[in-house]
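Let's take a walk through this protein together, one stop at a time. Keep the picture handy as you read.

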Amino acid sequence: MEVQDVIHAMEEIAHPNWALPKDVIGLQIGSPKAKVQKIWIALEAQPSIIVAAVEAKVDMLITHHALFYHPLRKILTHTTTGQALAIALSANLSIYAAHTNWDVAPGGVNDILAEHLELQDVEILVPTGVTAEDRTIGLGRIGQLLQPMTLQQFAQRVKDRMGQSGIRFSGLPDRKIARVAVLGGSGRDFMDVALEKSADVLVTADINHHAAVDATDAGLAVVDCTHAAMEQLSLPVLAQRLQELVNHIGEVKIEVPVISADPFYWI
């Protein structure tokens, strides 16, 4: 099997046309003709992941976040990043990114989050386009809880489902929550949309002080997860779907490494 075969399968799952404008996706290091026997799927192409992948004899690393978002002016191999890139290149490790195209994809990041939170009657929060089959795609999801609960109870559910040892929320703890918006990654720019669609709470990441104050004043509760915790949930699902698509092409082993990309710890 070659890298280009894996790319074709990935494009069935998360087509590049679904990515948001100016997003950086696709093959960033390697050759489409390179041979592939082992694939890792990870959140980041950080130096520790690259080094571990090479040590594990991985041929292709598929990540959610791109290795490069901006053009490189230089690669200095005395730096941690430069050294990791040199290792990847010398080991012929191919690196491919599927970012917002995987966020919006049917069955992608946001559908997986809605499923983990057991939302009912789920709709797309922010439509961004349609598939070739005329299916609407977009960022975030919004739906109903099967049974209303307090904000504190709901925040505990999010903490448990995301596998976090701690979580933040804004809003009165005893407020009743019935309608939930969820958006994987940074969602503070979509608080107004959540309010317009009558959400009681927005589950997202990277909320700062002023955004939380504004949301509280507007009547929207917020549950703030870590960015990594929200998106890492989708990686095993992506690995399974990709494995099913490439099995007929040839033998390839697809794994999600047990290496956390979350830089935050709780005390």
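## Helix 5 and what follows

Start at helix 5 (residues 109–116), whose buried residues are Val109, Asn110, Ile112, Leu113 and Ala114. "Buried" means under 20% relative accessible area, "exposed" means over 50%, and "partly exposed" is in between, using a 1.4 Å probe and protein chains only. Helices (H or I, at least four residues) and strands (E, at least two) are DSSP runs, numbered from the N terminus. An α-helix has 3.6 residues a turn, so residues three or four places apart point the same way.

Before going on, a word on the model: it is predicted, so local features need pLDDT of at least 70 and side-chain atom pairs count only at pLDDT 80 or more, while totals for chains, interfaces and linings use all residues. Residues are numbered from 1 along each chain as its sequence is written, and side-chain values use heavy atoms, leaving out hydrogens and water.

## Two residues with positive phi

Just after helix 5 comes Glu118, with a positive phi of about 60°. Glu118 sits in the loop between helix 5 and strand 5 (120–130), and its relative accessible area of 37% makes it partly exposed. Most residues other than glycine have a negative phi.

Ser198 also isn't a glycine, and its phi is positive at about 65°. You'll find Ser198 in the loop between helix 7 (191–196) and strand 9 (201–205). With 47% relative accessibility, Ser198 is partly exposed.

Now look at the loop between strand 3 (60–63) and helix 3 (80–90), where His64 is found. An unreviewed UniProt entry annotates His64 as "binding site"; such annotations may be inferred rather than shown by experiment, and feature names are shortened, with positions in the numbering used here. Is His64 buried or exposed? It's buried, at a relative accessible area of 1%. Skipping neighbours within four places in sequence, the contacts of His64 (heavy atoms within 4.5 Å) include His99, Trp102, Asp103 and Glu231.

His65 lies in the loop between strand 3 and helix 3 too, and counts as buried at 8% relative accessibility. Not counting residues up to four places away in sequence, His65 touches Leu43, Glu44, Ala45, Ala97, His99, His227 and Glu231.

## Helices that pack together

Two packed helices are described by the angle between their axes and the distance between the axes. Axes are lines fitted to C-alpha atoms, for helices over the stretch in contact, and angles run from 0 to 180 degrees between N-to-C directions. Take helix 2 (residues 47–55) and helix 3: they pack at about 25°, with axes 9 Å apart. That makes helix 2 roughly parallel to helix 3; angles under 35 degrees count as roughly parallel, over 145 as roughly antiparallel, 65 to 115 as roughly perpendicular and the rest as oblique. Helix 2 brings Pro47, Ile50, Val51 and Val54 to the contact, while helix 3 brings Thr80, Thr81, Ala84, Ile87 and Ala88.

Val6, Ala9, Met10, Glu12 and Ile13 of helix 1 meet Leu238, Arg241, Leu242, Leu245 and Val246 of helix 10.
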